[in-house]
Amino acid sequence: MFELPKLPYAYNALEPFIDELTMTIHHTKHHAAYVDNANKALSGTPFGGAPVADVVMSLDSVPDAVRTAVRNNAGGHLNHSLFWQMMGPGKGGSPGGELEEAISKKFGGFDKFTEQMNAAGVGRFGSGWAWLVLNKGELEIMSTPNQDNPITEGKQPILGIDVWEHSYYLKWKSNRAEYLKNWWNVANWDFMKETYVRLIG
Ligand code: MN3
């Protein structure tokens, strides 16, 4: 059974970039619903006690009857569990270290990287995520629809930004580009660097 993880900071901690009401609803309603619905879909399947990343990695083996529900809700649980850790109060700036070197080399500089991530987020039609992933050892920017996570296609997520309207609409209204521009002020690079170093280990 999955459980809703505690938010690692207060609901108002990411102000003014992400507002308290958005964070409260996003965590206590949206994420909580993904957890509940994933538990319902997986009960009675062999995946009942499996870690959420294992489930999302093995969607092909999930019974047909519940596969779509698992894809959306276990995916939503995994994505948001990562997303809360990818943000933090008093964060932002650039990653430094090996991750920044790799980003600069791949994308032609850190600013070019954030521009391309923002473009991936703005370009995602409807709901989804913009991602920085490792694909066969290479950094890559991509986006996914709905609650799909890159691990389903064998890519390792380093950073994911939620571009569902529920993640920005109360504050930024229809301006997803402005939300994305401001999102970098809460980027918790310590978490992304830890992930990167573990993956390239
Ligand atoms: Mn969301």
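In which loop is Lys173 found? Lys173 is found in the loop between helix 6 and helix 7 (176-183), and the legends below return to this residue. The model is a predicted one, in which local features need pLDDT of at least 70 and side-chain atom pairs count only at pLDDT 80 or more, while totals for chains, interfaces and linings use all residues. Residues are numbered from 1 along each chain as its sequence is written, and side-chain values use heavy atoms, with hydrogens and water left out.

View 1. The ion has as donors His26 (NE2), His80 (NE2), Asp162 (OD) and His166 (NE2), which lie 2.0 to 2.1 Å from it; donors are N, O and S atoms within 2.8 Å of the metal (3.2 Å for Na, K and Ca), and sites may look incomplete because water is not among the atoms. Helices (H or I, at least four residues) and strands (E, at least two) are DSSP runs, numbered from the N terminus. His80 counts as buried because its relative accessibility is 0%, and His166 is buried with a relative accessible area of 17%, where buried means under 20% relative accessible area, exposed over 50% and partly exposed in between (1.4 Å probe, protein chains only).

**View 2. Helix 3 and its kink.** Helix 3 (residues 64-85) has 22 residues and reaches 32 Å from its first C-alpha to its last, close to the 32 Å expected at 1.5 Å a residue; the expected span is 1.5 Å times one less than the number of residues. A kink of about 40° is centred on Val70, the bend at a residue being the angle between axes fitted to the seven residues ending there and the seven starting there. Phe83 also has its place in helix 3 and counts as buried, because its relative accessibility is 2%. The C-alpha atoms of Phe83 and Leu159 are separated by 8.0 Å, although the two residues are 76 apart along the chain.

**View 3. Two residues with positive phi.** Asn146, in the loop between strand 2 (138-145) and strand 3, has a positive phi of about 55° although it is not a glycine, and at 38% relative accessibility Asn146 counts as partly exposed. Lys173 likewise has a positive phi of about 55° without being a glycine, and Lys173 is partly exposed, with a relative accessible area of 45%.
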